[in-house]
Amino acid sequence: MNDPRDTQVTAEQTAREEALIEEVVASFEGAGDERLKVLMQSLTRHLHAFIREVRLTEDEWNLAIKFLTDAGHITTGTRQEFVLLSDVLGASMQVVAINNPEHANATEATVFGPFFVEDAPEIQIGEDMAFGAAGEPCFVAGTVKGVDGEAIPGARIEVWEADEDGFYDVQYDDGRMAARAHLYADENGEYDFWGLFPTPYPIPYDGPVGQILAAVGRSPVRASHLHFMVTAPGYRTLVTHIFVRGDEQLVIGDSVFGVKESLIKDFAHHPAEAPTPDGRDLGGRAWCETRFDIVLAPGEGEGMRVSGA
Ligand code: BEZ
Ligand code: FE
């Protein structure tokens with residue numbers, strides 16, 4: 001079969017290709033919803049521009065359809081291959097960037113990821129969100145404030161992370177709920193809890209997205225992080241994580257492009273003999289601590305959660 005990339009594109013051919021685009025664009029003119037019309041017409045133009053720019057072959061198009069089919073087949077309630085695709089293409093972070101414009105000194109947002117679970121257990125300030133998950137205990141403390149420095153008492157803080165083996169609870173098939181919780185800031189907007197020292201882990205790479213990463217020589221590993229989602233009435237919902245200064249994955253690169261300099265935090269490691277900030281007895285385990293002072297931008301309630309399953 002002839003490779004269309006080898007053939008000169010004649011003026012007639014160009015005219016045929018452009019006429020098709022206009023025909024498809026026009027087919028959306030009758031959309032009742034103006035926004036839907038804009039989205040479909042723009043998608044059409046960009047998709048056709050891509051196809052024409054690379055002079056896509058029929059084999060390549062069939063491969064793309066197979067990829068999407070495989071992504072659909074592997075997707076379940078707890079495994080979202082399309083989210084992973086969006087993440088590794090940087091699309092999730094681009095949507096985050098568009099929808100979370102910088103606001104004064106507000107804490108920056110980053111990718112949501114597919115491992116958030118509604119109804120994680122509530123813990124009180126000072127309690128442990130690990131619930132037995134393996135890892136080095138980590139004391140996390142901070143404040144939740146607005147951009148003008150006002151404390152936000154009662155702000156709801158969701159936290160979740162992988163264990164030291166690099167797995168979230170939902171990736172085990174025993175139904176465990178661990179290394180996730182929610183708590184509320186106190187009357188001064190302060191909070192603290194025990195979690196785990198974050199470790200690097202790969203995003204699930206046993207599916208079609210993993211195959212693409214392997215084919216292009218990209219690592220599936222994410223920089224070590226601890227997820228936060230913070231909500232309070234009158235403030236924009238913040239979806240973010242903190243990263244570990246010194247983590248070599250920060251240099252190698254984060255597979256979903258989620259790192260922002262302002263979110264890299266110092267974690268101080270302490271030997272088992274060192275007294276803990278709240279006097280907790282860790283039974284002879286070494287521990288670490290970090291601080292995360294959160295600043296919420298003004299806005300209305302539930303923000304978006306890009307990349308939620
Ligand atoms: C996560 O941080 O949990 C995550 C983000 C994107 C893809 C997979 C996992
Ligand atoms: Fe994560």
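These legends go with a few close-up views of a predicted model.

**View 1. Strand E2 and its two partners.** Look for Arg-156, whose bridge partner in E3 is Tyr-184. E2 also pairs with strand E7 (residues 225–231), again in the antiparallel sense and over 5 bridges. Here Glu-158 has Met-229 of E7 as its bridge partner.

**View 2. The largest nonpolar core.** This core has 30 residues, and Val-144, Tyr-191, Phe-193 and Phe-228 touch the most other members. Several strands each supply at least two of its residues, including E1 (137–146), E4 (190–196) and E8 (238–244). Another core, of 10 residues, lies apart from it, with Met-93 and Val-256 among them.

**View 3. Around Phe-193.** Beyond its neighbours within four places in sequence, Phe-193 is in contact with residues including Ile-123, Cys-138, Val-159, Leu-183 and Phe-228. Ring pairs also link Phe-193 with Tyr-191, Phe-228 and Phe-292 into a cluster.

**View 4. Two aromatic pairs.** The structure holds 13 aromatic pairs. In one of them, Phe-112 and Phe-116 are tilted at 45° between the planes, 5.3 Å centre to centre. Phe-112 is buried at 3% relative accessibility, and Phe-116 is buried too, at 14%. Phe-167 and Tyr-172 make an edge-to-face pair, because their planes sit at 70°, with centres 5.8 Å apart. Phe-167 is partly exposed at 39%, as is Tyr-172 at 24%.

**View 5. Arginines over rings.** Arg-176 lies over the face of Tyr-172, 3.6 Å from the ring centre. Over at Trp-194, the charged end of Arg-280 sits over the ring, 5.3 Å from its centre.

Conventions
Residues are numbered from 1 along each chain as its sequence is written. Chains are lettered from A and ligands numbered from 1 in the order in which they are written. This is a predicted model: local features need pLDDT of at least 70, side-chain atom pairs count only at pLDDT 80 or more; totals for chains, interfaces and linings use all residues. Side-chain values use heavy atoms; hydrogens and water are left out. Two strands pair if DSSP finds at least two bridges between them. Helices (H or I, at least four residues) and strands (E, at least two) are DSSP runs, numbered from the N terminus. A nonpolar core is a set of buried Ala, Val, Leu, Ile, Met, Phe, Trp, Tyr and Cys residues joined through side-chain atoms within 4.5 Å. Buried means under 20% relative accessible area, exposed over 50%, partly exposed in between (1.4 Å probe, protein chains only). Contact means heavy atoms within 4.5 Å. Rings of Phe, Tyr and Trp (its six-membered ring) pair if their centres lie within 6.5 Å; planes under 30 degrees apart count as stacked, over 60 as edge-to-face and the rest as tilted. A charge sits over a ring if NZ of Lys or CZ of Arg is within 6 Å of the ring centre and within 35 degrees of the ring normal.
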